[in-house]
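Dear colleague,

Please find below the structure that I am handing over to you, followed by an account of what was found in it.

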Amino acid sequence: MPSILLDARNVVRHHGPRAVLAGVDVRVHTTSKIGLIGPNGSGKTTLLRVLAGLEAPDAGRVARHGTVGHLPQLAGDDDPRPAIDVALERLGVAAAGRDVDRLAGRLAAGDLDAIEPHGAALERWLALGGADAPERLAAAAVDVGLDPALLGRPLNTLSGGQAARLGLAALTASRHDVVLLDEPTNHLDDDGLAALVRVVRAHRGGLVVVSHDRAFLGETVDELVVLGDSDAPVDTALHHHGDFASWERARADRRRRARAEHDEAVATRDALRSAAEETRRRAAASVRKAGAKTHDGDKNAREWVRMRAEGMQHRARVVGARADRPVPDAPREEARLTLTLTPAERHAAWVVALEGAVVARRGWRLGPVDLQVGAGERVLLAGRNGSGKSTLLGALAGTLALTAGRRTVAPGAEIAMLGQARGALLAGGSAGAAVDSAGRPPALATAWASAEDGAPDTDGVPGDAAVAVRVAGLAGVDVVEARTALATFGLGAEVVVRPPVSLSPGEATRAELAVLALRRTTALLLDEPTNHLDLASLEALEAALQGWPGALVVASHDARFREALAITRTVAL
């Protein structure tokens with residue numbers, strides 16, 4: 001088998017009139033570990049599908065010299081088939097087996113033309129490990145901490161963590177020459193992430209992974225393909241032949257150089273403009289002097305002054321032309337996002353407390369729990385998938401009813417969960433109900449309905465993102481305040497007039513931060529907030545939370561995110 005397993009050249013792919021990919025190259029060798037990164041919507045998933053052969057490029061070519069497996073995340077998949085059947089499809093074994101059976105049927109019917117295709121299909125089935133795939137998958141499930149009994153359950157009945165581990169088991173059992181992974185870290189706990197790193201490192205063959213988990217990328221990939229990089233055209237790829245840490249350093253150095261070149265060019269331009277203006281001023285003074293009568297009427301002196309003035313005017317034009325040369329663009333920098341609280345909103349020593357709290361969900365019980373969250377405290381909820389972190393956050397938020405115990409909120413405290421207001425932001429016409437479920441007064445449902453009906457204070461754009469933020473925020477917020485809040489969190493005029501449902505995950509998170517700023521939230525609950533966020537949105541979220549004086553309660557398996565938040569206390573479940 002050749003050392004190049006997958007060779008994509010000048011790939012172009014359109015979604016409608018928009019070019020999602022334009023001139024993208026990817027080359028996967030037998031030992032390649034490639035990270036595919038970029039903003040939400042930059043075409044990463046599309047590129048994976050083109051590499052896998054699930055979508056045809058509109059231009060360019062993709063050559064495959066071996067088996068290529070596309071293993072997107074299984075969490076959230078609504079497939080009702082048994083989990084093992086879905087996993088075998090992802091391994092390619094099920095489809096290969098169907099090809100063998102189909103061609104065997106032709107042979108049994110006496111079709112001799114099926115002899116060679118049947119042999120090739122059988123060879124492919126064997127190469128993919130079809131002979132022992134179910135047994136291998138069951139053993140892999142044990143290795144990654146998934147009960148093999150769950151393989152017989154419908155996929156859509158598995159929790160997010162269980163489905164994520166099923167995907168990890170499929171990766172472990174895979175015999176593909178090249179594996180394409182799409183966000184494999186989502187919904188995995190710390191043990192699952194450690195197992196994923198171990199499996200990826202041990203994989204024999206090429207690998208291309210889409211991920212925004214910086215710690216995972218730092219431990220696994222040795223090459224990066226960056227789509228939509230701020231230093232390259234949005235629809236082309238930037239290649240970095242090095243690990244993630246070296247790419248971060250190179251990006252920082254590149255931006256520092258670009259900033260220095262821009263600042264130096266601006267300073268030079270300003271100096272040249274000043275020099276040109278001063279030269280013009282002196283030339284004008286010389287012209288006036290040449291036109292005046294000298295005390296002795298010396299015509300030669302006047303001519304000399306006139307020629308000198310003309311020379312100065314020429315020099316001013318030359319210097320002015322140099323000043324008008326294009327200045328290199330400044331590097332694109334994200335505005336630093338901030339959440340603030342006034343001293344009056346931080347007067348209480350604590351914000352929310354649980355006393356002897358018990359929550360029962362679908363036959364599962366958490367508690368009794370005693371937990372008090374202090375003002376400004378940063379609490380990490382730690383534990384495996386299924387240990388009750390999300391349940392405890394729901395109890396703190398008041399969205400899950402207690403079967404025993406008590407929840408107390410400090411006077412004037414405003415408790416919110418990132419993700420809780422997303423229904424109001426994204427649900428379009430049904431946002432009123434989502435606002436109610438997010439804990440806002442029922443009257444806001446009427447406010448949303450009025451906004452959708454085109455009430456005068458909706459700025460004539462019913463159902464836009466600014467209206468959504470206004471409704472999900474405090475009562476009395478007008479559209480101007482909502483637009484200002486959105487702009488503060490990096491969402492400009494183009495975004496605020498779009499339907500809320502069109503917001504990307506990163507844009508929706510920024511809009512939610514705008515809601516929290518309007519609501520003057522004093523305690524923020526975060527349940528895996530980094531899932532589905534691109535690197536720029538991750539960095540923006542970290543920036544917004546790092547200097548925030550309010551309380552944080554966080555459930556996250558993103559190691560870099562936890563480090564950035566400077567956690568002060570860990571509660572183990």
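Predicted model: local features only at pLDDT ≥ 70, side-chain atom pairs only at ≥ 80, totals over all residues.

Is Glu89 buried, partly exposed or exposed? Glu89 counts as partly exposed, at 26% relative accessibility; buried means under 20% relative accessible area, exposed over 50%, and partly exposed in between, computed with a 1.4 Å probe on protein chains only.

Residues are numbered from 1 along each chain as its sequence is written, and side-chain values use heavy atoms, with hydrogens and water left out.

Salt bridges

Side chains of opposite charge can pair when their charged atoms come close. A salt bridge is taken here as a side-chain nitrogen of Lys or Arg within 4 Å of a carboxyl oxygen of Asp or Glu. The whole structure holds 22 salt bridges by this search.

Glu89 is the partner of Arg98 in one of these, with 2.7 Å between the closest N and O atoms. Arg98 is partly exposed, at 47% relative accessibility.

A further salt bridge links Arg102 to Asp99, where the closest N and O atoms are 3.6 Å apart. The two residues are 3 apart in helix H3 (residues 93–108), so about one helical turn separates Arg102 from Asp99. Helices (H or I, at least four residues) and strands (E, at least two) are DSSP runs, numbered from the N terminus. Both residues of this pair are partly exposed: Arg102 has a relative accessibility of 47%, and Asp99 has a relative accessible area of 33%.

Arg201 and Glu219 also meet through their side chains in a salt bridge, at 3.8 Å from N to O. Arg201 belongs to helix H7 (residues 190–202) and Glu219 to helix H8 (residues 214–220), so this pair ties together parts that are 18 residues apart in sequence. Arg201 counts as exposed at 53% relative accessibility, whereas Glu219 counts as partly exposed at 41%.

An open sheet is formed by 3 strands in the order S2-S1-S4, with antiparallel pairing; two strands pair if DSSP finds at least two bridges between them. Its edge strands, each pairing on one side only, are S2 (18–29) and S4 (59–64). On average, neighbouring strands of this sheet are turned by 15° against each other, direction ignored; the axes are lines fitted to C-alpha atoms, for helices over the stretch in contact, and angles run from 0 to 180 degrees between N-to-C directions. Strand S1 (residues 4–15) pairs with S2 over 8 antiparallel bridges. His14 has Ala19 of S2 as its bridge partner.

Helix H1 (residues 44–52) contains Thr46, which is buried at 9% relative accessibility. Apart from neighbours within four places in sequence, Thr46 is in contact (heavy atoms within 4.5 Å) with Arg13, His15, Val20, Leu21 and Glu55.

In helix H2 (residues 83–91), the buried residues are Ala83, Val86, Ala87, Leu88, Arg90 and Leu91. These buried residues pack against strand S5 (68–72), H3, helix H5 (133–143) and helix H6 (160–173). After H2 comes Gly92, with a positive phi near 85°.

With kind regards
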